[in-house]
Amino acid sequence: MASISCCCSSALSSRSNLGTLSLRFKRVNTTRPLRRSLRINAEIDYINAEEAKRLVAEEGYSIVDVRDRIQFERAHIKSCNHVPLFIENKDNDPGTIIYRQLHNNFSGLFYGLPFTKPNPEFVESVKNQFSPDSKILIVCQEGLRSSGAANKLEEAGFKNIACITSGLQAVKPGMFDVVGSKELKDAGKGGLVQVQGKISAVLGTVLICAYLFIMFFPDQAEKIIALVPSS
């Protein structure tokens with residue numbers, strides 16, 4: 001497609017007393033190459049434990065366990081690859097020390113889990129062990145970390161990724177060959193939860209929720225605390 005621009009000459013033609021308006025036509029090419037950025041994303045398969053076992057046994061999926069070190073040592077599937085999504089946070093800046101102490105007094109005490117931070121080398125570690133075309137089953141304890149890990153790997157170009165929807169806590173005893181002192185479903189239990197059972201689990205959950213509420217909604221928490229009668 002072309003457009004026509006009209007430019008009026010300020011000079012009059014010398015051959016006419018009336019003056020002739022000189023018109024100059026300029027052909028302008030407005031055609032532009034059409035550029036498109038097309039990216040096809042892989043689809044992450046969210047499956048149950050039974051389907052996960054079939055993928056490993058029949059389709060050759062490799063298992064990548066993204067849990068922290070302590071849960072992994074309590075129980076893990078034999079011959080899996082351990083690449084934690086979070087690693088223990090041993091930083092010693094003032095802010096980290098405070099948060100670590102709070103963690104150890106709440107969720108660390110009740111669940112026996114370390115204070116962690118995102119593993120900056122997670123994707124690179126997986127790339128060093130698998131090609132983008134590899135079939136990978138990602139597992140964690142509850143299903144949340146495996147979902148986050150799957151998204152990271154999908155963005156990095158991995159095409160065949162599957163996750164157990166509810167995590168290893170949904171795996172029945174005997175479904176996989178297990179290494180460790182616990183069943184897979186119990187690998188998330190430690191600390192006081194292991195000793196006192198459901199009562200501690202509920203109390204620990206309440207304390208964690210209270211802690212998070214104070215952290216994210218300090219103004220509302222202050223108002224609620226002010227309503228508590230002093231003795």
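This is a predicted model: local features need pLDDT of at least 70, side-chain atom pairs count only at pLDDT 80 or more; totals for chains, interfaces and linings use all residues.
Started with Arg145: at 16% relative accessibility it counts as buried, the cut-off for that being under 20%.

Next I looked up the partner of Arg145. I found a salt bridge with Glu142, where the closest N and O atoms are 3.3 Å apart. Glu142 is partly exposed, with a relative accessible area of 35%.

Then I checked the total: the structure holds ten salt bridges. I went through a few of them.

Arg54 was my next stop. Arg54 makes a salt bridge with Glu58, and I get 3.4 Å between the closest N and O atoms. Why do these two sit about one helical turn apart? Because Arg54 and Glu58 are four residues apart in helix α1, which covers residues 49-59.

Last entry: Arg69 and Glu88. Their side chains meet in a salt bridge at 3.7 Å, N to O. Which parts does this pair tie together? Arg69 lies in helix α2 (residues 69-74) and Glu88 in strand β7 (residues 86-88), so the bridge joins parts that are 19 residues apart in sequence. Arg69 counts as partly exposed at 42% relative accessibility, and Glu88 also counts as partly exposed, at 37%.

Definitions and conventions
Residues are numbered from 1 along each chain as its sequence is written. Side-chain values use heavy atoms; hydrogens and water are left out. A salt bridge is a side-chain nitrogen of Lys or Arg within 4 Å of a carboxyl oxygen of Asp or Glu. Buried means under 20% relative accessible area, exposed over 50%, partly exposed in between (1.4 Å probe, protein chains only).
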